[in-house]
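Hi,

Here is the structure I said I would pass on.

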Amino acid sequence: THTVIRRRLSGDGVSLGAEMYLRADLLHIDDIELSELEGVNLRRYLEGVLGRQAQKPETRVSAAALSLRQAAMFDMTPDMPVLRIEASTRFQDGSPFYHQTIHAPAQQLILEF
């Protein structure tokens, strides 16, 4: 029922892992050239493809440990302390748009509000 987009992101010497979950009826991932997703803000890209804007963002940040699967997938180590950033949005009509989890190495980042 969902399309999952997993990416390794990097910039300023920091590597992140991201998993985005979308309703399967929103996007046919096979119709997208995956190279188009490199180095882009995925939310903005998807808003452009779908012609709809994200609304009502909710974001949570927590300290976490990576599972063995996540560590291998994102080229991190399981004992590495990470910040887990979870973001969810909806469309204007209230229907779900996406849920994304970003795993970021806590020792390399400063979290500011």
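This is a predicted model: local features need pLDDT of at least 70, side-chain atom pairs count only at pLDDT 80 or more; totals for chains, interfaces and linings use all residues.

The protein averages a pLDDT of 87, and 100% of the residues score at least 70. Going by element, strand β4 (residues 82-90) has the highest mean pLDDT, at 93, while β1 has the lowest, at 85.

Is Arg7 buried or exposed? Its relative accessibility is 13%, so Arg7 counts as buried, the cut-off being under 20%. As for what surrounds Arg7, leaving aside residues up to four places away in sequence, it touches Leu16, Gly17, Ala18, Leu37, Val40, Leu42 and Phe74. Val40 shows up in another way too: its backbone oxygen is 3.4 Å from a polar atom of the Arg7 side chain.

Then there are a couple of backbone angles to look at. Lys56, in strand β3 (residues 55-64), has a phi near 50 degrees, which is positive even though the residue is not glycine. Lys56 counts as exposed because its relative accessibility is 53%, and the cut-off for that is over 50%.

Asp75 is another non-glycine residue with a positive phi, about 55 degrees. You will find Asp75 in the loop between α2 (68-73) and β4. With a relative accessible area of 64%, Asp75 is exposed.

Cheers

Notes: Residues are numbered from 1 along each chain as its sequence is written. Side-chain values use heavy atoms; hydrogens and water are left out. Buried means under 20% relative accessible area, exposed over 50%, partly exposed in between (1.4 Å probe, protein chains only). A polar contact is a pair of N or O atoms within 3.5 Å; within protein, one must be able to donate a hydrogen and the other to accept it, and residues adjacent in sequence count only if both atoms are side-chain atoms. Contact means heavy atoms within 4.5 Å. pLDDT is the predictor's confidence in each residue, from 0 to 100. Helices (H or I, at least four residues) and strands (E, at least two) are DSSP runs, numbered from the N terminus.
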